[in-house]
Amino acid sequence: MSEAAVAPEDPIDLEAWRSANELSVPFSEALDQWADAAHVALVELAGRYGSYISYAELAARAQADVGIATRAPVRLWIAALQRRITDRCQAAGEPPLVALMVAHDQTVGEGYAYAVAVADLPVPENLDQHAAAARFACYLHFGATMPAGAGPQLTPKLEEARRAAAAKAARVRPTKAVSKGRVVKARTAEAPRATRAPSARPTKAAAKPEPRPAKLCPNCFTQLAANGECGFC
């Protein structure tokens, strides 16, 4: 496993109990049973293209299905639950279903880094972009009906933020351009200096070359390991 992601530890001093009789249940045992129920729910969800679920919604469903409850905030134990789900997926040869789990802001959070690490893949800087490809791998694996042009996609909030950032960047225009090794005021090609209109827009600076894209798996579109193998397929 990559050293960049450490397996989340079980929380301590948290309480859980059976809903039917309020008998106390060790929290680690509760997590084991919630993980079984959550895995079932995520497999069902993966059968529908574009689906995902919030931490809170999945936690509530798992507690209801198992009949074991807790008042501890989900944020204190969701990473430990994700670890158990990931281990089940890894043992079954399944893609990481935790990619379908998102926080209130629809990001996958640091718990997803563990899923990447146990697949012996480098943990990316952009976890959400990686998780989009992993969700697509889940849809393919669990037989979701794919619409025309289907592919990896960010969650709606993140996609909206990406488009807003792109639109903002498009509105920003440089005021200077580099010419012959020195910075000069940009001029338009349509008019000579003497007759140029004061409101003429400057030319754009030369764009920097984009970095070489990472190699992706042709089946599930996740980033390949250094040896060229896919950890999810």
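What does the accessible surface of the protein chain come to, and what percentage of it belongs to carbon and sulfur atoms? The accessible surface comes to about 14200 Å². Carbon and sulfur atoms hold 52% of that area. The model shown here is predicted.

**View 1. The protein chain and its elements.** The protein chain has 233 residues, and 39% of them are buried. It contains 6 helices and 7 strands. Read from the N terminus, the elements follow the order β-β-α-β-α-β-α-β-α-α-α-β-β. Take the contacts in the protein chain with a separation of 6 or more: 64% of them involve residues 24 or more positions apart.

**View 2. An open sheet of 3 strands.** Across this open sheet the strands stand in the order E2-E1-E4. Their pairing is antiparallel. Strand E2 covers residues 24–25, and strand E4 covers residues 68–69. Both are edge strands, and each pairs on one side only.

**View 3. Where E1 meets E2.** Strand E1 spans residues 16–18. It is joined to E2 by 2 bridges, and the two strands run antiparallel. Which residue in E2 is the bridge partner of Trp17? Ser24 is that partner.

**View 4. Helix H1 across the strands.** Helix H1 takes in residues 27–46. It lies across E1, E2 and E4, the strands that make up the open sheet in View 2. Relative to E1, helix H1 runs at about 65°.

How values were computed:
Residues are numbered from 1 along each chain as its sequence is written. This is a predicted model: local features need pLDDT of at least 70, side-chain atom pairs count only at pLDDT 80 or more; totals for chains, interfaces and linings use all residues. Side-chain values use heavy atoms; hydrogens and water are left out. Helices (H or I, at least four residues) and strands (E, at least two) are DSSP runs, numbered from the N terminus. Buried means under 20% relative accessible area, exposed over 50%, partly exposed in between (1.4 Å probe, protein chains only). Contact means heavy atoms within 4.5 Å. Accessible areas come from the Shrake-Rupley method with a 1.4 Å probe; for residues, only the protein chains shown count as cover. Two strands pair if DSSP finds at least two bridges between them. Axes are lines fitted to C-alpha atoms, for helices over the stretch in contact, and angles run from 0 to 180 degrees between N-to-C directions.
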